[in-house]
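Subject: Structure for you to look at, with notes

Dear colleague,

I am passing on the structure we spoke about, and my notes follow below it. Please keep it open beside the text as you read.

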Amino acid sequence: MAVGAAPGPIVIVGAGLAGLTTALSLAPNPCLVLTSGEFPGVCASDWAQGGIAAAVGPGDSIAEHVNDTLAAGAGLCDAEAVHRIVRQGAQAVDFLETHGVRFDVDDSGHCDLALEGAHSRPRVLHIGGDTSGHFIMQAIVESVRQTPSITVAEHHIALELISHNDQITGLTVQHGETVRTIAASAVVLATGGAGSLWQFSTNPAGAFGSGIALGLEHGALTHDLEMVQFHPTALFAGPGPMPLISEAVRGQGAVLVNDDGEVFVDSLAARDVVARAVHDQTAAGHQVFLDARAVRADLADHFPAMMKACLQEGLDPRQNLIPVRPAAHYHCGGLMVDARGRTSVPGLWAVGEVASTGLHGANRLASNSLLEAVVTGREAAVDLLANAGSADYFAGQPRSVVAPSPEHVASLIQRHAESWRALATIAPLMTNAAGLVRDAPGLQGAIDFIERRYPSNPPSAAVAIAVLKSALARLESRGGHYRSDYPALSPDEVQHTGMAAQSTARSAR
Ligand SMILES: Cc1cc2nc3c(=O)[nH]c(=O)nc-3n(C[C@H](O)[C@H](O)[C@H](O)COP(=O)(O)OP(=O)(O)OC[C@H]3O[C@@H](n4cnc5c(N)ncnc54)[C@H](O)[C@@H]3O)c2cc1C
């Protein structure tokens, strides 16, 4: 059964900040947004706490923001990309404000800027204390609802991309029990991060890098997949995503202590340094706590999300120590994209956390990711409008894609279900082998195990193996990647790790 009489719409996979920014920036040109859950629903954008970094404050400059970003990135950033994205900070803020976002202001009515780790000055615009992402997404979702050119299809999971002559021409999508193909003039991956590949993670459940898996199946190039930022202070409570306890709480005077009451690290040192120090304590059998009892600020006022999460666990941070441990938080690596958001596969764009733009290098500067989500969404839309809308672009592209065979549907559904099941095994393995401290035997052992255990290579296993192989290939310690067998920076020229899986693409039939 052919679907669509013409090359289909621009299809955006993901309804977080990056996907919705792309959709709004395409308006009034039509697009279809697919999201695996409800709309609006769970996504990292909604959970963002601190806010968005932009050099808009008095005395701040793009040059300073660039320098801070490059320093955090530990030599692995693409300087041009950093300049390009940071330069658009004010436009990103304008874009959000145009769509109804109202950032917190100080007593004199000016934007209230917060200071976050590794920023040389206050630079982070926020809303409602540590619930910035939720309020940003509320406004953006409302704007999407008011935009007739955007169709959002909730509970639609992209299972695979379809190509013709090596160009992406559509996707196969699952909606409940139904699997169907959708023809697309272009596909934009906005699928977010991969934190749930690790046992301890701040990311929404199911954020295992599905966009990376979709891209890898078509040979998309990746960059620096081993670069994962681990946040040092996630609330160590029950299973599932771990609530984040913002660095800003330490900025207000909270300190990390172990179960002997010892302060074992400078709580405001760089994020990777603090995270490894916490890891070393837990590896040595200690419990680690954040002591916020002496914090001067009103915790309920400044950190409502943190207070709520702790109180739900029966802990009052004004009186109790908060048990914490490091958690996989942000994927700095991803699908390699150029300045227009194009991946190495024709017809396929990537925006937001799934993409590797070169902004973050080996370590993300706090609150640069919402900035990247807005800037890359806008840039991709400009490119899509200039290209995917033109007749030339469609030359040779089929005007429909064919429905998958029943056997193929069955195998896709099975692979997808196996991908979820596999996470229960893969996540503890990743925490041990590709966590804060890595070495060759651990990484190779994990690769061998996953390959043996999951020969059908379901998406979560494919992404885990790609991360492990990248970590094995980087013979040095840099930023978020620490190899106990290569504890220093390599003296050689800085290299990106990258790989393209053998294409297993299903051609348009
Ligand atoms: C707890 C927490 C706090 C954070 N705080 C900050 C902060 O203060 N400042 C900052 O800059 N960054 C912060 N970050 C990082 C930032 O939130 C993310 O990097 C950013 O929001 C990613 O946006 P995105 O649109 O790329 O992805 P997301 O917002 O994660 O959206 C991904 C979307 O893709 C959909 N999806 C995934 N796979 C599929 C599929 N196969 N088919 C269909 N749909 C799919 C999901 O359902 C979801 O809608 C934080 C992250 C976390 C987890």
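The domain bounds used here come from an automatic or database domain assignment, and the model itself is predicted. On that assignment the chain is divided into domain 1, which is made of 2–191 together with 332–394, domain 2, covering 234–326, and domain 3, covering 415–489. The centres of domain 1 and domain 2, taken over C-alpha atoms, are separated by 30 Å. Where these two domains touch, 13 residues of domain 1 are in contact with 15 residues of domain 2, and the side that domain 1 contributes has 4 nonpolar, 7 polar and 2 charged residues.

Next, the ligand. There are 40 residues around the ligand, and those that come nearest are Gly14, Gly16, Gly50, Gly192 and Gly352. By class, the shell around the ligand holds 17 nonpolar and 22 polar residues, with 1 charged residue. At least two residues of the shell come from each of α1 (17–26), α2 (44–47), α6 (132–145), β8 (157–164) and α12 (368–387), and α12 gives the most, with 4 residues.

Helix α12 also packs against other helices, and two of these contacts may interest you. In the one with α1, the two axes come within 8 Å and cross at roughly 35°, and the crossing is right-handed. On the α1 side the contact is made by Leu17, Ala18, Thr21, Thr22, Ser25 and Leu26, while the residues from α12 include Leu370, Ala373, Val374, Arg378, Ala381 and Leu385. This contact of α1 with α12 comprises 10 nonpolar, 5 polar and 1 charged residues.

In the other contact, the axes of α12 and α5 (residues 89–98) come within 9 Å and cross at roughly 85°; angles from 65 to 115 degrees count as roughly perpendicular, and α5 and α12 are therefore roughly perpendicular to each other. Gly89, Ala92, Phe95 and Leu96 of α5 make this contact with Leu371, Val374, Val375 and Arg378 of α12, and by class the residues involved are 6 nonpolar, 1 polar and 1 charged.

A further helix pair is formed by α15 (residues 440–453) and α16 (residues 459–473), whose axes come within 9 Å and cross at roughly 155°. Angles over 145 degrees count as roughly antiparallel, and α15 and α16 are therefore roughly antiparallel to each other; their crossing is left-handed. Among the residues that meet here are Leu443, Ile447 and Ile450 in α15 and Ala461, Ile465 and Leu468 in α16, and the contact as a whole has 11 nonpolar, 1 polar and 2 charged residues.

Finally, some details of the backbone. A cis peptide bond, with omega about 10°, joins Ala27 and Pro28, and Pro28 is found in the loop between α1 and β3 (31–34). The peptide bond from Phe39 to Pro40 is cis, with omega near -10°, and Pro40 has its place in the loop between β3 and α2. Asn165, a residue other than glycine, has a positive phi near 50°, and Asn165 lies in the loop between β8 and β9 (167–175).

With best wishes

Conventions:
Residues are numbered from 1 along each chain as its sequence is written. This is a predicted model: local features need pLDDT of at least 70, side-chain atom pairs count only at pLDDT 80 or more; totals for chains, interfaces and linings use all residues. A residue is near a molecule or strand if its C-beta atom, placed from the backbone, lies within 6 Å of it. Ala, Val, Leu, Ile, Met, Phe, Trp, Tyr, Cys and Pro count as nonpolar, Asp, Glu, Lys and Arg as charged, and the others, Gly among them, as polar. Axes are lines fitted to C-alpha atoms, for helices over the stretch in contact, and angles run from 0 to 180 degrees between N-to-C directions. Angles under 35 degrees count as roughly parallel, over 145 as roughly antiparallel, 65 to 115 as roughly perpendicular and the rest as oblique. Two residues are in contact if their C-beta atoms, placed from the backbone, lie within 7 Å. A crossing is left-handed if the near helix is turned anticlockwise from the far one by less than a right angle, and right-handed if clockwise.
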